[in-house]
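Q: I would like to learn how to read a protein model. Where do we start?

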Amino acid sequence: MDFENRAKVAQRLDPEWAARVIRNLRQIELDWYHAYDTLSTRMMTEAFLAIEKVVKAPWQIVENEWSTQVVCPEWKMTRGVGTGDMWLQISEISADEDGYEHTWLAAVTQTAPSMLCVELTFRRGLQEHAQAIIRDDKAVTALRKLGFARDEDRKALFIPIHIEAEALAQAFEMNDLTPTVAPFSKAMALALAAKVELGKLLEQIRAATKSK
């Protein structure tokens, strides 16, 4: 959205709503900081621990500062060093065209136009071919039957992760997130169980890349 359109949208704001936001700005800013930082970090840490329990050899789990990745030795790059040709990753898929920033909390509770998921991710050199093959309904039929969904815009395969907002609120209130973050481990377990079909998909993508 360009500046002119943003200005038009801003002028259509409800004056009473705008005034209420300003009067509560101190609390809103404080709450946003904790939602974005402290609370999201706590939830994602608990999610990592839950995922760690379902990741068994030959799978390997990797945590970096912005996501959790699960890699398979069979999917390693044939040349060079990197995460692999393909891996599973905790990602955010947003339906918001402006791409404004959401907290992990808003994404997992789907209280924003966004969701968290276990996404099938490819290295840069394979992405174009991967998207083309994922676009083919026949190529992904088996994976969709196993629980994968397809994002039509990004041509990505993923398994959604959703936690009800009230359930998450109660978990923080009780200071025990362990049972509440179970959707993370369930989604990852579902993805891991599709290893054979995922491998077949990767072979198609590798073959398509070599033929170019």
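**Reading a predicted model**

A: Start with the largest pocket, which has a volume of about 380 Å³. On a 1 Å grid over the protein atoms alone, a pocket is an open set of points where a 1.4 Å probe fits, with protein on both sides within 12 Å along at least five of seven lines, and lining residues have an atom within 4 Å of a point. The volume is the space filled by probe spheres set on the points, which are joined across faces, edges and corners. This is a predicted model: local features need pLDDT of at least 70, side-chain atom pairs count only at pLDDT 80 or more, and totals for chains, interfaces and linings use all residues. Residues are numbered from 1 along each chain as its sequence is written, and side-chain values use heavy atoms, without hydrogens and water.

Q: Which residues are closest to the centre of the largest pocket?

A: Of the 17 lining residues, the closest to the centre are Met44, Glu65, Trp66, Ser67 and Trp104. Helix 3 (residues 25-54) gives the largest share of the lining, six residues. Helices (H or I, at least four residues) and strands (E, at least two) are DSSP runs, numbered from the N terminus.

Q: Is threonine 68 buried or exposed?

A: Buried means under 20% relative accessible area, exposed over 50%, and partly exposed in between (1.4 Å probe, protein chains only). Threonine 68, in strand 2 (residues 68-71), has a relative accessible area of 5%, so it is buried. Contact means heavy atoms within 4.5 Å. Not counting residues up to four places away in sequence, threonine 68 touches several residues, including Phe48, Ile51 and Leu88.

Q: What does threonine 121 contact?

A: Threonine 121 is in strand 4 (residues 114-122) and is buried, at 15% relative accessible area. Leaving aside neighbours within four places in sequence, threonine 121 is in contact with Asp85, Met86, Trp87 and Gln89. Threonine 121 and serine 91 are 30 residues apart in sequence and 9.3 Å apart in space, C-alpha to C-alpha.

Q: Which residues of helix 9 are buried?

A: An α-helix has 3.6 residues a turn, so residues three or four places apart point the same way. In helix 9 (residues 195-210), the buried residues are Leu198, Leu201, Leu202, Ile205 and Arg206. They cover an arc of only 140 degrees around the axis (taken from the directions from the axis to the C-beta atoms), so they lie on the same side of helix 9. The face turned away from that buried side carries the exposed residues Val196 and Lys210.

Definitions and conventions: Expected span 1.5 Å × (residues − 1).
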